[in-house]
Amino acid sequence: MLEPMDSFFASRLSGYDEHMLRDIEGAAEFYPYTASLLPSGPNRRILDLGCGTGLELEYYFNTGGTAALTCIDLSREMLDVLVSKFPGKDIKTFHASYLDIPLGEDLYDAAISVESLHHFPEEIKQSFYRKLWRALRDKGIFVLTDYFAASEEEEIAMAEEALKLRAEQDIPAEALVHADTPFTVQHEISVLLESGFSRAGVLRSWGATSVILAEK
Ligand SMILES: C[S@@+](CC[C@H](N)C(=O)[O-])C[C@H]1O[C@@H](n2cnc3c(N)ncnc32)[C@H](O)[C@@H]1O
C-alpha cells in the first residue's frame with residue numbers, strides 16, 4: 001500500500017537516523033561529503049529541501065559551519081527532531097511541501113536536498129527546479145544527494161510500478177505519496193540543465209546514491 005508522504009516518514013521516526021546510517025550504502029560517507037560542499041561564513045544562506053531530522057547538517061555544524069539555514073519538510077515530527085539537535089544555530093523551519101511553498105528570489109548561496117527528490121515525475125521536478133534556480137543567488141549551487149536508478153530500464157519499471165499502485169488505490173496524480181521513482185543521473189542532469197542551471201555533473205557515488213552538483 002502506498003502511504004501519504006508525511007505520515008510515511010513520521011511513523012518511521014523512531015530509529016530513523018540509525019536506519020539511514022546503517023542501511024543506506026555509503027551513508028556514513030555521503031552525509032559528511034555533501035555537507036563539506038556547503039558554504040560557510042557571514043551572510044551565507046543555505047536552503048535544505050526535505051531536511052528530515054537534519055542528518056546532512058550534523059557534519060556541517062560539527063565542523064563549524066555558520067550559514068543561516070532554511071529547512072523545509074512535510075513532517076512536523078522530523079522538523080522537531082532537527083531543531084532539538086542543533087540548539088543555538090540559525091535555523092528557520094517550514095512545515096510545508098517544497099513543491100508548493102514560495103522559495104523567494106536571489107536569497108541562497110546554496111541549496112541541498114538529500115534522499116528526498118526521487119519521488120516526483122519530470123514535469124513536477126522541472127517547475128520545481130525553475131523555482132529553485134530563481135531562489136539561488138548568482139553563482140549559487142544546488143547539491144543533490146539522492147537515490148538514482150542504475151539504468152533507464154530500472155527508471156521506467158519503477159515509474160510504471162508507482163503508476164500501477166496509484167491506479168489500483170485510486171490515488172490522484174497530485175497526491176504526495178511515498179513511492180520511489182528515481183531517475184538515472186543522466187536524466188536528472190538533463191532536467192536540471194533544461195530548468196536553467198548552467199552546469200551540472202556527478203561528483204561522487206556510493207551504491208545507488210550519487211551527489212550531483214548544479215550551478216546557477
Ligand atoms: C528519506 S527522508 C530524507 C531526510 C534527510 N534529508 C536525510 O537524508 O536524512 C525524505 C524527507 O523528504 C521529505 N519530503 C518528501 N517530499 C517532500 C516535499 N514535497 N516537501 C517537503 N518535504 C518532503 C520527507 O518528509 C522526509 O523527511
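The model is predicted. Strand β5 (residues 136-147) pairs in the parallel sense with β4 (residues 108-114) and runs antiparallel to β7 (residues 209-215), while the shell around the ligand draws on α1, α4 and β2, among other parts of the chain.

**Strands around β5**
- Together with helix α6 (residues 122-135), strands β4 and β5 form a β-α-β unit that is right-handed.
- The antiparallel pairing of β5 with β7 rests on seven bridges, and within it F142 has A214 as its bridge partner.

**Surroundings of the ligand**
- There are 22 residues around the ligand, of which G50, G52, L55, V114 and S116 come nearest.
- At least two residues of this shell come from each of α1 (5-10), α4 (55-62) and β2 (68-73), and α1 makes the greatest contribution, with three residues.
- Sorted by class, the shell comprises twelve nonpolar, six polar and four charged residues.

**Burial along α5**
- In helix α5 (residues 76-85), the residues M78, L79 and L82 are buried; seen down the axis of α5, its buried residues fall within an arc of 100°, and they therefore line one face of the helix.
- R76 and S84, on the other side of α5, are exposed.
- The cover over the buried residues of α5 includes α1, β2 and β3 (91-95), and of these, α1 and β2 also supply residues to the shell around the ligand.

Conventions. Residues are numbered from 1 along each chain as its sequence is written. This is a predicted model: local features need pLDDT of at least 70, side-chain atom pairs count only at pLDDT 80 or more; totals for chains, interfaces and linings use all residues. Two strands pair if DSSP finds at least two bridges between them. Helices (H or I, at least four residues) and strands (E, at least two) are DSSP runs, numbered from the N terminus. A crossover is right-handed if, with the strands pointing away from the viewer, the path from the first strand over the helix to the second runs clockwise. A residue is near a molecule or strand if its C-beta atom, placed from the backbone, lies within 6 Å of it. Ala, Val, Leu, Ile, Met, Phe, Trp, Tyr, Cys and Pro count as nonpolar, Asp, Glu, Lys and Arg as charged, and the others, Gly among them, as polar. A residue is buried if 20 or more other C-beta atoms lie within 10 Å of its own, exposed if 12 or fewer, and partly exposed in between; C-beta atoms are placed from the backbone. The arc is that of the directions from the helix axis to the C-beta atoms. Two residues are in contact if their C-beta atoms, placed from the backbone, lie within 7 Å.
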